[in-house]
Amino acid sequence: MDETGSLVVHVYTSRTQIPIGGATVIFMLEGEDGRYETIGERTTDQSGKTEPILIDAPAVMASMSPGIPHSHNIARILVDHQNYQIIEVNNIEIFPRIQSFQEVPMIPLTRSQIELMELQKKSENPVETEHPEIDQLSSALPNPLLE
């Protein structure tokens, strides 16, 4: 990659479109082996926007040559905030010398989801139900709330 483009992310509540400050945005690019690598992290400001992140992109002239498959790079982002569901956005196109913008509406967690997360943070043991077979099954599965 010979040039760069940039990406700004705007995070807001899904229904009321109120900006969400303090959200963590993780930026990733797909490597040659097909695995995604983190290239940076930003936190949204009070307007719900990140500072731009520079991302490698193919040279403009190379994209005009026959046989070059893409005139852009593809990014992925993960957006996290303690009161909202984690959002993953794939296939964000990054063009050389262009600043791209990605809008991310976030869905609030329910009160019971927040309470469950708080309980699990206080205890190393998962919350048990009145159904031992469900508890046994759920204990065998990875718990993203504890990671």
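Me: Where in the protein is confidence lowest, and where is it highest?
Reply: The mean is lowest in helix H3 (residues 132-140), at 54, and highest in E7, at 96. The score is pLDDT, the predictor's confidence in each residue, from 0 to 100. Helices (H or I, at least four residues) and strands (E, at least two) are DSSP runs, numbered from the N terminus.

Me: What is the average for the protein?
Reply: The average pLDDT is 83, and 77% of the residues score at least 70. Where pLDDT is low, the predicted coordinates should not be read in detail.

Me: Which conventions apply here?
Reply: This is a predicted model, in which local features need pLDDT of at least 70 and side-chain atom pairs count only at pLDDT 80 or more, while totals for chains, interfaces and linings use all residues. Residues are numbered from 1 along each chain as its sequence is written, and side-chain values use heavy atoms, with hydrogens and water left out.

Me: Back to E7. Which residues form its covered face?
Reply: Ser100, Gln102, Val104 and Met106 form the covered face, and Gln99, Phe101, Glu103 and Pro105 the uncovered one.

Me: In which sense do E1 and E7 pair?
Reply: They pair in the parallel sense, over 8 bridges; pairing requires that DSSP finds at least two bridges between two strands. Tyr12 has Pro105 of E7 as its bridge partner.

Me: What is Glu103 in contact with, beyond its sequence neighbours?
Reply: Leaving aside neighbours within four places in sequence, Glu103 is in contact (heavy atoms within 4.5 Å) with His10 and Tyr12. The side chains of Glu103 and His10 make a polar contact at 2.8 Å. A polar contact is a pair of N or O atoms within 3.5 Å; within protein, one must be able to donate a hydrogen and the other to accept it, and residues adjacent in sequence count only if both atoms are side-chain atoms.

Me: Why does Glu103 count as partly exposed?
Reply: Glu103 counts as partly exposed because its relative accessibility is 42%. Buried means under 20% relative accessible area, exposed over 50%, and partly exposed in between (1.4 Å probe, protein chains only).

Me: Which residues have the most contacts inside the largest nonpolar core?
Reply: They are Leu7, Val9, Val11, Ile77, Val79, Val104 and Met106, in a core of 20 residues. A nonpolar core is a set of buried Ala, Val, Leu, Ile, Met, Phe, Trp, Tyr and Cys residues joined through side-chain atoms within 4.5 Å.

Me: Which element gives the most to this core?
Reply: E6 does, with 5 residues. As for Val79, its contacts beyond four places in sequence include Val11, Ile87, Val104 and Met106.

Me: Changing topic, what is the strand order of the open sheet?
Reply: The open sheet of 4 strands has the order E3-E2-E5-E6, with antiparallel pairing. Strand E3 (36-43) and strand E6 (84-94) stand at the edges with a single partner strand each, so one side of each is left without a neighbour in the sheet.

Me: How many bridges join E2 and E3?
Reply: Strand E2 (residues 24-30) pairs with E3 over 7 bridges, in the antiparallel sense. Val25 stands opposite Arg42 in E3.

Me: Last topic: what is the phi of Gln17?
Reply: Gln17, which is not a glycine, has a positive phi of about 55°. Most residues other than glycine have a negative phi. Gln17 lies in the loop between strand E1 (3-13) and E2.

Me: And where is Arg97?
Reply: Arg97 is in the loop between E6 and E7, and its phi is also positive, near 65°.
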